[in-house]
Amino acid sequence: MNFNISTYSFMTIGIFVILDLFVLFSVIKNKRQYYLLFLIAGNSLRIVQNIFLLQQGVFFTTATSLFFNIFDVMSVSFYIACIVSILNRKTMFPKRLIFLNSVNIIIIVLGIYVFDNIVFRRLSVQIINVSIMAIALYEIWIAKDKKLYNSYRLTEAILILYTGFQFYRIILLFMNLQMDLTSQEIQNQIVLNSMIAFIHIFAINFATLLLSVDVLNIKILELSIRDDMTKIYNRRFFFELLDDYINTVKRKKSSFSLAMFDIDDFKKVNDKYGHVIGDQVLIGITDCISSCVRASDDVARYGGEEFIVLFKDINETDLSLILTRILTAVQLIKFNGIDRPVTISGGASIFSFDNLPESSEQMVEDIDNKLYEAKSDGKNQVVTDNFVVNGITCRE
């Protein structure tokens with residue numbers, strides 16, 4: 001069976017040009033997706049490869065063969081660099097890929113000028129490509145993200161299939177070293193393998209674009225639910241979480257607690273030390289509260305210097321321990337430029353399925369009143385229904 005190289009090359013060039021234009025339009029439309037330029041670079045090298053095929057067929061001159069084999073590995077490297085950039089949330093071209101491309105160039109030059117064997121050159125390219133695929137799969141496995149589960153799985157499956165195809169080509173090339181193939185047989189093998197590779201590369205393009213869209217959507221979602229400065233949940237989203245959890249409490253007949261904290265004398269901090277220091281205090285206390293609560297609890301910025309926490313499925317003993325830990329940890333923070341401890345006050349209540357107020361707003365009003373009581377009674381404490389938690393320096 002003979003394959004028409006010109007038809008295959010024209011088709012491949014046309015599809016990759018369309019893909020590049022589509023991706024370029026996406027980058028221009030949303031500059032946050034600039035890592036997709038790696039995808040364009042990889043596709044562009046594939047276009048150049050197929051131009052070589054159109055001009056010279058599968059039997060190249062020495063110079064053309066050199067560039068064809070180098071471009072093969074470089075294009076795959078650009079695809080993987082794009083995926084790695086998406087997974088790591090930043091643009092990067094891993095040093096491992098640079099090293100493998102350097103090794104590939106050395107091997108290709110040796111294959112052309114020392115061994116002068118086309119099968120040897122193709123074999124080295126496939127081995128390097130398998131190494132690059134291994135890097136990509138490793139990056140995916142260490143960057144698991146439940147929010148991108150489907151995209152990860154699709155990308156992972158495509159890369160595994162492509163790696164398997166590369167192993168198949170390696171075995172085939174090893175067999176070819178022992179066989180005396182005709183020119184037509186070599187041509188048919190190269191074009192057939194190129195067609196299969198094209199299908200995989202097209203699939204990698206599709207998976208990469210899907211992954212980038214999912215990442216962008218998650219970034220947009222995060223911007224809508226998180227406070228810009230502190231990066232914790234904002235007030236609107238917290239109430240959505242609270243209302244959902246209230247339904248869970250009713251269904252499971254359990255209990256939970258709400259706590260509201262306010263930074264003591266925060267206006268004085270701003271007036272005396274400036275708003276830059278004030279912002280550092282907000283961020284520092286946010287991080288401190290977040291580190292003191294449990295992984296299942298939700299922390300949000302209620303407004304200004306106020307924070308609200310949802311403690312899920314908790315009793316009075318555990319609540320007292322966590323509140324004590326928060327007050328103590330906040331007092332121990334050393335802020336640059338501030339010569340005294342910064343403290344917080346709070347109000348907290350435990351709500352059970354059988355004593356729930358009519359609305360979440362009434363719950364917040366209840367703990368807000370307790371917060372006001374804590375402020376009025378000396379600050380640096382948390383007032384609850386049945387006990388008061390004091391900070392280190394608070395009057396007993």
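User: Where does Gln 55 lie?

Analyst: Gln 55 lies in helix 2. Helices here are DSSP runs of H or I with at least four residues, strands are E runs of at least two, and both are numbered from the N terminus. A word on the ground rules: this is a predicted model, in which local features need pLDDT of at least 70 and side-chain atom pairs count only at pLDDT 80 or more, while totals for chains, interfaces and linings use all residues. Residues are numbered from 1 along each chain as its sequence is written, and side-chain values use heavy atoms, with hydrogens and water left out.

User: Is Gln 55 buried or exposed?

Analyst: Buried means under 20% relative accessible area, exposed means over 50%, and partly exposed is in between (1.4 Å probe, protein chains only). Gln 55 counts as exposed because its relative accessibility is 60%.

User: How far apart in space are Gln 55 and Ser 6?

Analyst: Their C-alpha atoms are 8.9 Å apart, although 49 residues separate Gln 55 and Ser 6 in sequence.

User: Which residues form a nonpolar patch on the surface?

Analyst: Patches are made of residues with over 30% relative accessible area and no salt bridge; nonpolar side chains (Val, Leu, Ile, Met, Phe, Trp, Tyr) are joined within 5 Å, like charges within 9 Å. Here the nonpolar patch consists of Leu 24, Ile 28, Tyr 34 and Leu 37, which together have about 390 Å² of accessible area. Those areas come from the Shrake-Rupley method with a 1.4 Å probe, and for residues only the protein chains shown count as cover. Leu 37 is in helix 2 (residues 37-56), and it is partly exposed because its relative accessible area is 44%.

User: How many salt bridges does a search of the whole structure find?

Analyst: Side chains of opposite charge can pair when their charged atoms come close. The rule is a side-chain nitrogen of Lys or Arg within 4 Å of a carboxyl oxygen of Asp or Glu. The search of the whole structure finds 12 salt bridges. One of them joins Lys 375 and Asp 264, with the closest N and O atoms 2.8 Å apart. That pair links distant parts of the chain, 111 residues apart: Lys 375 is in helix 12 (residues 360-376), and Asp 264 is in the loop between strand 1 (255-263) and helix 9 (266-273). Asp 264 is buried, at 2% relative accessibility. Asp 262, Asp 264 and Lys 375 are linked in a network of salt bridges.

User: Which residue forms a salt bridge with Lys 379?

Analyst: Asp 265 does, and the closest N and O atoms are 2.6 Å apart. Lys 379 lies in the loop between helix 12 and strand 5 (381-383), and Asp 265 in the loop between strand 1 and helix 9, so the pair ties together parts 114 residues apart in sequence. Lys 379 is partly exposed at 25% relative accessibility, and Asp 265 is partly exposed at 26%.

User: What is the phi of Lys 379?

Analyst: Most residues other than glycine have a negative phi. In Lys 379, phi is positive, near 70 degrees. Lys 231 also is not a glycine, and has a positive phi of about 70 degrees. Lys 231 is in the loop between helix 7 (183-225) and helix 8 (235-252). Its side chain meets that of Asp 228 in a salt bridge (4.0 Å, N to O), and both residues are exposed.

User: How many aromatic pairs does the structure hold?

Analyst: Rings of Phe, Tyr and Trp (its six-membered ring) pair if their centres lie within 6.5 Å; planes under 30 degrees apart are stacked, over 60 edge-to-face, and the rest tilted. The structure holds six aromatic pairs. Among them is the edge-to-face pair of Phe 238 and Phe 239, 6.3 Å centre to centre with 85 degrees between the planes. Phe 238 is buried at 1% relative accessibility, and Phe 239 is buried at 13%. Phe 238, Phe 239 and Tyr 302 form one aromatic cluster.
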